[in-house]
Amino acid sequence: MNNPCIRCGLQRIDGKSWQEKSGISIVTYTQTLCPDKLCQKEVDKAIADRRAKSDDLAKKKSQLLLRTRAGMKLKNRLVTTI
Ligand SMILES: [Zn+2]
């Protein structure tokens, strides 16, 4: 299986593998690791960073939505008090 490291291009090696039930079948997942431990650390960090960023974005989006709703409510109230 050709599975080069996204960072250094070395052939990745099999790390831990686990099985998960998917409907009626059991799927085996295998995590691959870069043979270079330092490089793998960097890759892990990059993945964690990306995940944190997309989490952040999702949070910001829902906050914006809430704020917009609150703003609309405020406007309505102002209109009724005038
Ligand atoms: Zn690597």
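Of the 10 residues of strand β1 (residues 13-22), how many are buried? The number is zero, so strand β1 lies largely in the open; a residue is counted as buried if 20 or more other C-beta atoms lie within 10 Å of its own, as exposed if 12 or fewer do, and as partly exposed in between, with C-beta atoms placed from the backbone. The structure is a predicted model, in which local features need pLDDT of at least 70 and side-chain atom pairs count only at pLDDT 80 or more, whereas totals for chains, interfaces and linings use all residues. Residues are numbered from 1 along each chain as its sequence is written.

The protein chain contains one helix and two strands, arranged along the sequence in the pattern β-β-α; helices (H or I, at least four residues) and strands (E, at least two) are DSSP runs, numbered from the N terminus. Of the 82 residues in the protein chain, 4% are buried.

Strand β1 pairs with strand β2 (residues 25-33) in the antiparallel sense over eight bridges, two strands being taken to pair if DSSP finds at least two bridges between them. The two strands form a hairpin with two residues between them, and Gly23 in the turn has a positive phi of about 70°.

When neighbours within four places in sequence are left aside, Val27 is in contact (C-beta atoms, placed from the backbone, within 7 Å) with Gln19, Glu20 and Ser22.

Definitions and conventions
Two residues are in contact if their C-beta atoms, placed from the backbone, lie within 7 Å.
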